[in-house]
Amino acid sequence: MTAADLLADLDEIQPWHVDFYQDLHRNPELSFQEVRTSGLVSERLRTLGYDVHTGIGGTGLVGILRNGDGPTVLARADMDALPVREATGLPYASTATASDAEGHQTPVMHACGHDMHVTCLLAAAQLLAEHQQTWSGTFIALFQPAEELGTGARAMVDGGLADVIPKPDVALGQHVMGLPYDTVAARPGAALSAADSIRITLHGRGTHGSMPHYGVDPILLGSAVVMRLNAIVSRELAPGHFGVVTVGSFQSGSKSNVIPETTTLLLNLRSYDDHTRQQLRAAVERIVQAECAASGSPAPPEFAYTDPFPVTQNSPDVYHRVSAAFTAHFGEKAIVMEPSTGSEDFSDIPNALGTPYLYWIWGGFDPDTYHRAEANGTLGTVIPGNHASTFAPVMEPTFRTGTSAMTVALMSYLAHTT
Ligand code: ZN
Ligand code: ZN
């Protein structure tokens, strides 16, 4: 019995998954507020016979299925949605609103496809539960809060995950992206970047706009900083070495004739390895401090690091095993993934458990449309990126591909070898 035999049963669970997915999509929940979603997931896992542990790191939960001797395999899905107003026009589009962490009312949308991840992992969990004669070992289905903040995986680790699950031999995760819906892509080594956000406060000395010589202008200081920061990647990283330094926000002042007291910059850094990550951070701090000295800033700059995402570094061993199974199942639609500049906190879980892992992506969009757009150079406008208000994977066969990929990967470790 192979993964393909299990997947032959996918059609039988069809009515379940359509309703479930559309219900999740219509009722998205913000990071760490996934109360309804985790309730639906745990109810479903219990019905399937899983040993369910809830409330791990807030709304996180695991379902464990013990089925004799064999490897222990963990698969993870994230559950949270984004503060985005949905513009897909779908009949099951979200009109939900919620209160964000600052207490502001905001529209909420599953703009990153996490509702699809949850549905596919539950479908794989059902196939494994209903075909226990085909495999042996222990399967852990893990549902994580707050991926979008980069802190949900860490919250589950800190919330005692290791105390309620057996140590996994391997961990698996997947994400739906802007690829054709028949395509699955994985790569060994660095697959997704590490990310840091930094809030930098620069201190000037406020004064009348007509008397700049009495003050220190934090806007001029901030401008010099921004210009210099943009030279880190072009002048300090070795050519061909990946790094991103983006200044996403520059806030200062309120009136034309007032030189303000401070400037606040919000930066985002990306890298594929720790050495580069440290190099970028050090260069940012050095430049900011030097520019503050150059301006005669009256107080040292302040650096607050937020939203840290680890690098996603796929194990070559897990990659070779799972990608061979992908190729056997998907043929030429199993491709090698380009390294993505996006980031994920999934690897915080296997890293904390000392477990090798594989994280792959699959597509959610019509292949003809995709390939036409690719040929025209209009991919970015025709296929909406994750987090866009129009991001909507085609329900079928995206669900089938995602469930198949997860089941094939799980069975590459758990299936009986005959
Ligand atoms: Zn996202
Ligand atoms: Zn996502």
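Helices (H or I, at least four residues) and strands (E, at least two) are DSSP runs, numbered from the N terminus. By that count, Asp307 is found in strand 15.

## Basis of the model

This is a predicted model, in which local features need pLDDT of at least 70 and side-chain atom pairs count only at pLDDT 80 or more, while totals for chains, interfaces and linings use all residues. Residues are numbered from 1 along each chain as its sequence is written, chains are lettered from A and ligands numbered from 1 in the order in which they are written, and side-chain values use heavy atoms, with hydrogens and water left out.

## Zinc ion, ligand 1

Donors are N, O and S atoms within 2.8 Å of the metal (3.2 Å for Na, K and Ca); water is not among the atoms, so sites may look incomplete. Cys112 (SG), Glu148 (OE), Glu148 (OE) and His387 (NE2) coordinate the zinc ion (ligand 1), at 2.0 to 2.6 Å. Why is the arrangement around this zinc ion (ligand 1) irregular? The four donor atoms subtend angles of 53 to 150°, which makes it so. The cut-offs are these: four donors count as tetrahedral if all angles lie between 85 and 135 degrees; four count as square planar and six as octahedral if opposite donors are over 155 degrees apart and all others between 65 and 115; anything else is irregular. Ideal angles are 109.5 degrees for four tetrahedral donors, and 90 or 180 degrees for six octahedral ones.

The donor residues of ligand 1 follow the spacing C-x35-E-x238-H. Distant parts of the chain are linked here: Glu148 sits in the loop between strand 6 (137-144) and helix 5 (152-158), and His387 in the loop between helix 13 (379-382) and helix 14 (395-414), 239 residues apart. Burial is set by relative accessible area: buried means under 20%, exposed over 50%, partly exposed in between (1.4 Å probe, protein chains only). Glu148 has 17% relative accessibility, so it counts as buried. His387 has 38%, so it counts as partly exposed.

Next in the chain, Gly113 is placed in the loop between strand 5 (105-107) and helix 4. Gly113 counts as buried because its relative accessibility is 1%. Leaving aside neighbours within four places in sequence, Gly113 is in contact (heavy atoms within 4.5 Å) with Val176 and Phe391.

## Largest pocket

On a 1 Å grid over the protein atoms alone, a cavity is a set of points where a 1.4 Å probe fits but cannot get out, and a pocket is an open set with protein on both sides within 12 Å along at least five of seven lines; lining residues have an atom within 4 Å of a point. Grid points are joined across faces, edges and corners, and a volume is the space filled by probe spheres set on the points. The largest pocket has a volume of about 1,000 Å³. Its lining holds 35 residues, of which Met177, Ser340, Gly342, Ser343 and Asn386 lie nearest the centre.

Elements giving two or more residues to this lining include strand 10 (194-203), strand 14 (262-271) and helix 13. Strand 7 gives the most, with four residues. By class, the lining has 18 nonpolar, 11 polar and six charged residues. Ala, Val, Leu, Ile, Met, Phe, Trp, Tyr, Cys and Pro count as nonpolar, Asp, Glu, Lys and Arg as charged, and the others, Gly among them, as polar.

## Backbone exceptions

Most residues other than glycine have a negative phi, and most peptide bonds are trans. Ala146 has a positive phi of about 55° and is not a glycine. Ala146 is in the loop between strand 6 and helix 5. At 0% relative accessibility, Ala146 is buried. Asp307 also has a positive phi, of about 45°. Asp307 is partly exposed, at 39%.

The peptide bond from Glu396 to Pro397 is cis, with omega near 10°. Pro397 lies in helix 14. Among the residues that Tyr181 touches are Pro397, Thr398 and Thr401. Tyr181 itself is in the loop between strand 7 (170-180) and strand 8 (184-186). Its relative accessibility is 18%, so Tyr181 counts as buried.
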